[in-house]
Amino acid sequence: MARNLVDEEFKAAALHDAVYGLREKRPLSSASVAFVPWQKWLTLGLVAAAIVALVFATTPTLTVLMAVCTAGYIATLADRLLLFSRGLARDAILTVDDDVARAVPGHALPTYTVLVPAYNEPEVVGDLIAAMAALDYPAEKLQVLLLLEEDDAVTIAAAEQAGLGESVQILLVPAADPRTKPKACNYGLHFATGDIVTIFDAEDLPEPLQLRRVAVAFDRLGDDVACVQAKLAFHNGTQNMLTGWFTADYALWFNFVLPGLMRSNSPIPLGGTSNHIRRAVFDEIGAWDPYNVTEDADLGVRIAESGYRTAVLDSTTMEEANSDPINWIRQRSRWYKGYLQTWLVHVRRPVQLWRGIGTVGMLRFTTLLAGTPIIACLNMVFWLITIAWLLGQPFLIEEIFPWYVYFPALISLVFGNSAVLYMNLVACRETGNSALWLACLTVPVYWLMMSVAAIKGTYQLIRNPSYWEKTFHGLSS
């Protein structure tokens with residue numbers, strides 16, 4: 001239940017629960033420990049076994065590793081194509097017409113809380129407040145909590161100078177570790193008054209009717225739908241080649257892959273923003289994990305594991321695509337690290353997970369959350385092998401690729417890359433981004449950056465698992 005924003009005793013309890021709530025109530029669901037003991041010893045044992053095998057049976061071991069990796073590539077590609085084909089269907093995504101959204105009288109709408117975490121972002125907070133003011137929703141039913149760290153003087157000053165408007169309130173989050181977005185959102189949830197809760201990032205420009213569309217969607221859908229995920233897109237896709245690649249990436253993910261997932265019983269890794277969740281669901285399954293750096297993906301899996309579903313809505317929130325390569329790698333490495341965190345957390349109880357999401361859901365959960373960063377890391381290995389073969393054709397490479405490994409690998413290389421290029425081109429054409437055709441055709445360079453980010457994220461998972469690398473906004477020209 002929400003309380004007065006100046007009740008010091010309640011604020012202290014809210015902070016404790018925001019930081020330690022999930023860890024205390026469900027320790028195995030918390031990423032505060034990256035590897036539980038059995039995961040740590042199993043990983044070390046597998047690494048040791050691989051080293052011993054490489055020493056005493058180098059060629060057969062490498063051949064087996066190449067075969068396993070190739071099978072993983074093919075399985076992941078086949079599943080991605082299946083999801084894409086399902087996402088092409090007209091009814092793959094939930095649609096609420098403008099007239100229907102506007103026709104709902106104010107008194108019939110549910111109460112709504114919008115959580116907007118921001119840290120060290122004075123350059124965008126004015127636009128953020130304007131975007132919240134543009135939302136078409138009755139002011140008496142809308143609560144917007146601007147979650148600012150109490151020691152973030154520059155953003156607090158910028159927000160106060162911009163003027164908060166009728167529905168926006170500043171909620172100061174006590175400075176405490178971990179300094180993460182989910183911790184701030186957990187804290188804000190204690191002060192939320194809405195029946196539906198959503199998150200917008202500081203640079204977001206949500207479509208004004210989005211909240212109304214979600215309210216209609218929840219009214220249409222069954223009680224087993226816990227979350228409605230809106231689409232995300234970028235307003236600066238043509239700024240440079242990197243923003244073009246990023247825009248094509250999002251166009252494919254939010255317009256085809258996620259809708260394809262919605263048509264299955266598999267978990268949907270939520271986007272970090274514009275996911276609208278029934279407040280009662282938080283009370284049942286818990287809120288965000290403050291130690292998980294992709295708290296959205298983790299919550300999406302927990303929703304599915306608890307027997308609920310997520311719907312994808314045809315309403316778009318515009319964001320700013322990263323235009324700086326270093327800034328992009330910081331962001332993407334955090335995402336990859338968080339995907340691995342989420343996978344490690346949920347496989348701690350494999351039987352419970354399997355009962356919750358089924359066999360197909362569990363396989364897809366693995367290919368999406370573990371497979372995505374692992375394959376991005378392996379890409380670098382296979383590219384180096386390819387370069388070595390082209391430059392010198394060493395005998396060892398020929399030995400570790402017998403015909404039964406070589407031909408599947410060749411198919412994966414040629415057909416797989418072509419299929420991804422094709423899906424990107426279709427996604428850009430269908431989302432009105434046809435001007436990005438050059439970015440679609442040059443996307444292998446983007447994959448190289450993904451590989452660098454994945455290697456960095458995997459390293460950080462071991463060295464500093466809950467460290468939140470800040471993404472800087474306001475870089476678009």
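## Helix α11

Helix α11 is followed by Gly 307, which has a positive phi, near 95°. The model is predicted. The helix spans residues 295–305 and is mostly covered, with 11 of its 11 residues buried.

## Aromatic pairs

A search of the whole structure gives 17 aromatic pairs. One of them joins Trp 245 and Tyr 446: the ring centres are 5.8 Å apart and the planes meet at 35°, so the pair is tilted. Trp 245 belongs to helix α9 (residues 241–262) and Tyr 446 to helix α17 (residues 443–463), so that distant parts of the chain, 201 residues apart, are linked. Both Trp 245 and Tyr 446 are buried.

Tyr 250 and Trp 335 form a stacked pair, with 6.4 Å from centre to centre and 25° between the planes. Because Tyr 250 lies in helix α9 and Trp 335 in helix α12 (residues 325–346), this pair ties together parts 85 residues apart in sequence. Tyr 250 has 10% relative accessibility and therefore counts as buried, whereas Trp 335, at 21%, counts as partly exposed.

## Aromatic cluster and a charge over a ring

The residues of both pairs belong to one aromatic cluster, made up of Phe 234, Trp 245, Phe 246, Tyr 250, Phe 254, Trp 328, Trp 335 and Tyr 446.

Arg 334 is placed over the face of Trp 468, at 4.2 Å from the ring centre.

Methods
Residues numbered from 1 in each chain as written. Predicted model: local features only at pLDDT ≥ 70, side-chain atom pairs only at ≥ 80, totals over all residues. Heavy atoms only, no water. Buried < 20%, exposed > 50% of the residue type's maximum accessible area, 1.4 Å probe, protein only. Helix = DSSP H or I, 4+ residues; strand = E, 2+ residues; numbered from the N terminus. Phe/Tyr/Trp six-rings, centres within 6.5 Å; stacked < 30°, edge-to-face > 60°. Lys NZ or Arg CZ within 6 Å of the ring centre and 35° of its normal.
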